[in-house]
Amino acid sequence: ARSGRVAAQVAEQQRKELFQRLALVREDLERLRERDPDDPNPDALMLLVAKAEGWKIEQQQVIQARIEQLCPTHYAAQRNYLDSILQKSGGSHTQALDFAKTRMAAAPEGSDMGCLVLAALTEQWLYLLVFDRKPEEADKLCEQPWVLDLTLEAYARSLGSNRYKESPPSI
């Protein structure tokens, strides 16, 4: 419905179509959740709908809490939630990084959760570079000893671990 355009360039009719389609997707995901309440995938996708429809973070946290109970290492779901608390989404870099570090610490070694930390750091770097247009600050971030230490820890606990197993694609 957006025709590949950024939101600011979308015509009103296309915007209406987008939200009509999102409502249909939301209804389908709700039916899927009712059909199999133990499947975290509908909730993982619902986080994308929630972000697109502009749900309040408290509403998204309800979904996130359900996912935490069903499958706390569901990477796609955790990544979708991370996206909703990034600075560019109205959250903050600190909030996103704290969430990612908490998920990594709670997960068994060899899970994908260390990748959340890498995603949060990458998003912070991109924000400085693209949104703030501060390439020098973006470079300085990458040079910080704590960033290197955290990156190495995240890699060691996930992709670099001898316990790492590719998780099956969930969605």
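Okay, let's start with Y164, which is partly exposed, since its relative accessible area is 23% (buried is under 20%, exposed over 50%, partly exposed in between, with a 1.4 Å probe and protein chains only). Before I go on: this is a predicted model, where local features need pLDDT of at least 70, side-chain atom pairs count only at pLDDT 80 or more, and totals for chains, interfaces and linings use all residues. Residues are numbered from 1 along each chain as its sequence is written, and side-chain values use heavy atoms, with hydrogens and water left out.

Back to Y164, then. You'll find Y164 in the segment after α8 (145-157). Helices here are DSSP runs (H or I, at least four residues), numbered from the N terminus. What does Y164 touch, once residues up to four places away in sequence are set aside? G110, S111, D112, S158 and L159, where contact means heavy atoms within 4.5 Å. With D112, there's a side-chain to side-chain polar contact at 3.0 Å. By polar contact I mean a pair of N or O atoms within 3.5 Å; within protein, one must be able to donate a hydrogen and the other to accept it, and residues adjacent in sequence count only if both atoms are side-chain atoms.

Now the helix pairs. Two packed helices are described by the angle between their axes and the distance between the axes. Axes are lines fitted to C-alpha atoms, for helices over the stretch in contact, and angles run from 0 to 180 degrees between N-to-C directions.

Take α4 (residues 75-84) and α5 (residues 93-106): they pack at about 160 degrees, axes 9 Å apart. That makes α4 roughly antiparallel to α5, the word for angles over 145 degrees. Q78, Y81 and L82 of α4 meet A96, F99 and R103 of α5.

Next, α6 (residues 114-131) and α7 (residues 135-143) pack at about 155 degrees, with axes 7 Å apart. So these two, α6 and α7, are roughly antiparallel as well. On the α6 side we have L121, Q124, W125, L128 and L129, meeting P135, E137, A138, L141 and C142 in α7.

Last stop, still in α6: E123. Is E123 buried or exposed? It counts as buried, because its relative accessibility is 13%. Leaving aside neighbours within four places in sequence, E123 is in contact with R79, D83, L86 and K88. And with K88, the E123 side chain makes a polar contact, side chain to side chain, at 3.2 Å.

How values were computed: Parallel < 35°, antiparallel > 145°, perpendicular 65-115°, else oblique.
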